[in-house]
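Here are a few exercises to work through with the model open beside you. Try each task before reading its solution.

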Amino acid sequence: MKEIVNQKAIDELNSQLSNPAMTRQKRKKILNEMKKLLFLVSINEPIALISDTHIGSKNDNFEYIKRAYDFFNQKGIKKVLHTGDLFDGLCEYQNIYEISKKEVICQKQIDKLFKEYPKGFENFIILGNHDEDILRLDETLIDTLFMNREDFIFLGTNMGYLKWYEKTIVMKHQKGDSVSSDLILKGHAHFFSYPEVKTILRLPTLSDNHPIKVSNRYGLPGFLVCEKEVNNYWFDYYVFQGGNLQRVLKQQTLFHKS
């Protein structure tokens, strides 16, 4: 699968970092070189943030997806960041063992995306643990997505890096070490959270797979819209509740001090 990140160059720099005799100045220089390679993608306009659409599960909801993208279009937003579990993979089919049947299940999920997913945007995507089900089964199935939908831009599996204006952002699905950044966008948990004492912004699911333990509005399906005005960065947080789209947080400050 083609990746934007030059992984070979990053691996070479990582191997140099393992040298115990390296000076602090040299280490800092190598880390800066790694950052240049990692944060190659640069976006200088408003963005939307979504996660965990789980296409192909009993809880996927294309009404949410289409209404969200209609809203993005009305706002003039054409760049969408997706922090993983685009598909549901084989989660709901654990008792199927035949490879051919698994391939059919995964192909149906990809076909559903091709048929129904909104066009006219650039989607910057990392793959999550459910998407990895498809990768492990047959990597060419995922390849087909990124080859035939040029609006889907693959940033990595479980981890991706980009710059938004002059800020550095790490997109992460589950666990994993990453280089330092101004903000970590995290999927997987299916609920919204952005404590003022941390630099981790958890994204809600855009499906009907709600976390039972989160009973307030932060556990509802939703998305975020992020904008910049002069030197101020902020986001609005929207949820779907009772069939209605509601803004529950307005112009919240981004990039807290850790």
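**Exercise 1. Is N158 buried or exposed?**

Before starting, note that this is a predicted model, where local features need pLDDT of at least 70, side-chain atom pairs count only at pLDDT 80 or more, and totals for chains, interfaces and linings use all residues. Numbering runs from 1 along each chain as its sequence is written, and side-chain values use heavy atoms, with hydrogens and water left out.

Step 1: check its accessibility. N158 comes out at 14%, so it counts as buried (under 20% relative accessible area; exposed is over 50% and partly exposed lies in between, with a 1.4 Å probe and protein chains only).
Step 2: look at the backbone. Phi of N158 is near 75°, a positive value in a residue that isn't glycine. Most residues other than glycine have a negative phi.

**Exercise 2. Describe how α4 and α6 pack.**

Step 1: start with the geometry. Two packed helices are described by the angle between their axes and the distance between the axes. For α4 (residues 99-116) and α6 (residues 139-148), the axes come within 10 Å and cross at roughly 10°. These axes are lines fitted to C-alpha atoms over the stretch in contact, with angles from 0 to 180 degrees between N-to-C directions.
Step 2: classify the angle. The two helices are therefore roughly parallel (under 35 degrees; over 145 is roughly antiparallel, 65 to 115 roughly perpendicular and the rest oblique).
Step 3: list the partners. C106, Q107, I110, L113 and F114 of α4 meet L141, I142, T144, L145 and N148 of α6 (contact means heavy atoms within 4.5 Å). These residues split into 7 nonpolar, 3 polar and no charged (Ala, Val, Leu, Ile, Met, Phe, Trp, Tyr, Cys and Pro are nonpolar; Asp, Glu, Lys and Arg are charged; the others, Gly among them, are polar).
Step 4: widen the view. L141, I142, D143, L145 and F146 are buried in α6, and the buried residues of this helix pack against α4, β4 (122-127), α5 and β5 (152-157).

**Exercise 3. What does the side chain of H130 reach?**

Step 1: go to helix α5 (residues 129-137), where H130 is found.
Step 2: with 13% relative accessibility, H130 counts as buried.
Step 3: its side chain reaches the backbone oxygen of D88 at 2.8 Å. Leaving aside neighbours within four places in sequence, H130 also contacts residues including H54, D85, F87 and C91.

**Exercise 4. Which residues does K79 contact, leaving aside its neighbours within four places in sequence?**

Step 1: K79 sits in strand β3 (residues 79-82).
Step 2: at 15% relative accessibility, K79 counts as buried.
Step 3: the contacts of K79 beyond those neighbours are I43, E45, P46, I47, A48, E122 and F124.

How values were computed: Helix = DSSP H or I, 4+ residues; strand = E, 2+ residues; numbered from the N terminus. Polar contact = N/O pair within 3.5 Å; in protein donor to acceptor, adjacent residues only side chain to side chain.
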